[in-house]
Amino acid sequence: MTIYLFVHEAILREVAQVEDIARELDRDDQAEIDALSERLAWFQKMVRRHEDSEEKVLFPALNERIRFVAETYKFDHDDFEVHVFEGIERALTGLARANGKYDRRENAGLLYRESVALHEHMRLHITKENELLIPKLEVEFDVPEQAEIAGAMAGVFDPQLMAETVNFTYGWHTADDREEMIRFLRGILPEEAFGGLTNHLKSNNADSWSEIERRIPDL
Ligand SMILES: [Fe+2]
Ligand SMILES: [Fe+2]
């Protein structure tokens, strides 16, 4: 479940940074607001697909062995959409359409509060998955079964979003973690898909890619 834990860690770092950005945001700078909107729109799409992969693969597999585990996690996912992402979207739209100084200040304040909610909801949900769910998975399924589950979860992502998600995850990790992640993906992905993925990583990370090539010479 290496890649799964790496993605979780990247999500947590991203929401912490979004909270910082929302706190420091220049509410009069529309370019800054647009950049944050774009970043969050992609993030929401990726999180939704991550949740799909859990709901379609991981939770049903666990539910066959332990009843009433999966429902509680799906409940959180459904709650995110209405109570977290819609709140963020409302605040960003309000800020973009704000009329006058007072309205801008109100909406910037709302955006900051919603970004704190996003961070806190994700922190609790992902910590629960890491500390309660994954240990259960490791007891119930042997290593080949876990690899099969991880491969099926990766299959829920189309190749483009998969490449973008790995690139996002790469950006939040150290060289050791990146190396582990890439070696793992080489083991589970078909050759062509893996080639497309490494091309995407290479073109987006010119500064750090030579270190990966040094560590994995046969890449
Ligand atoms: Fe989840
Ligand atoms: Fe998750």
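Author: Helix axes are lines fitted to C-alpha atoms over the stretch in contact, and the angle between two of them runs from 0 to 180 degrees between N-to-C directions. The model discussed here is a predicted one.

Reader: What makes H2 and H5 roughly antiparallel to each other?

Author: H2 and helix H5, which spans residues 143-154, pack at an angle of about 160°, and their axes are 8 Å apart. Angles over 145 degrees count as roughly antiparallel, and H2 and H5 are therefore described as roughly antiparallel to each other. The handedness is a separate matter, and here H2 passes H5 in a right-handed crossing. Ser53, Val57, Leu58 and Ala61 of H2 make the contact with Ile149, Ala152 and Met153 of H5. By class, the residues of this contact of H2 with H5 comprise six nonpolar, one polar and no charged.

Reader: Why is H1 called roughly antiparallel to H2?

Author: Helix H1, residues 2-24, packs with helix H2, residues 30-65, at an angle of about 155°, with their axes 12 Å apart. That angle makes H1 roughly antiparallel to H2, because the term applies to angles over 145 degrees. The crossing of H1 and H2 is left-handed. From H1, the contact is made by Val7, Ile11, Glu14, Val18 and Ile21, and from H2 by Leu36, Leu40, Phe43, Val47 and His50. Sorted by class, the contact of H1 with H2 has eight nonpolar, one polar and one charged residues.

Reader: What makes histidine 50 count as buried?

Author: Histidine 50, found in helix H2, has 20 C-beta neighbours inside 10 Å and so counts as buried, because the word is used for 20 or more. The C-alpha atoms of histidine 50 and glutamate 81 are separated by 13 Å, the two residues being 31 residues apart along the chain.

Reader: What makes phenylalanine 68 exposed?

Author: Phenylalanine 68 has 7 other C-beta atoms within 10 Å and is therefore exposed, the limit for that word being 12 or fewer. The place of phenylalanine 68 is in the loop between H2 and H3. Its phi is near 60°, which is a positive value in a residue other than glycine. Most residues other than glycine have a negative phi.

Reader: How do you know that H1 and H4 are roughly antiparallel?

Author: H1 and H4 pack at an angle of about 165°, with their axes 9 Å apart. Because angles over 145 degrees carry the name, H1 and H4 are roughly antiparallel to each other. The crossing of H1 and H4 is left-handed. Among the residues that make the contact are Leu5, His8, Ile11 and Leu12 of H1 and Leu111, Tyr112, Ser115 and Val116 of H4. By class, the contact of H1 with H4 has 13 nonpolar, four polar and four charged residues.

Reader: Which residues touch the most other members of the largest nonpolar core?

Author: Ile3 and Leu185 do so, in a core of 38 residues. The elements that give two or more residues to this core are H1, H2, H3 (70-96), H4 (101-140), H5, H6 (159-171), H7 (175-188) and H8 (191-204). H1 gives the largest share, nine residues. Leaving aside neighbours within four places in sequence, isoleucine 3 is in contact with Ala150, Met181, Phe184 and Leu185.

Conventions. Residues numbered from 1 in each chain as written. Chains lettered and ligands numbered in written order. Predicted model: local features only at pLDDT ≥ 70, side-chain atom pairs only at ≥ 80, totals over all residues. Helix = DSSP H or I, 4+ residues; strand = E, 2+ residues; numbered from the N terminus. Parallel < 35°, antiparallel > 145°, perpendicular 65-115°, else oblique. Left-handed = near helix turned anticlockwise from the far one by under 90°. Contact = placed C-beta atoms within 7 Å. Nonpolar A, V, L, I, M, F, W, Y, C, P; charged D, E, K, R; others polar. Core = buried A, V, L, I, M, F, W, Y, C linked by C-beta atoms within 7 Å.
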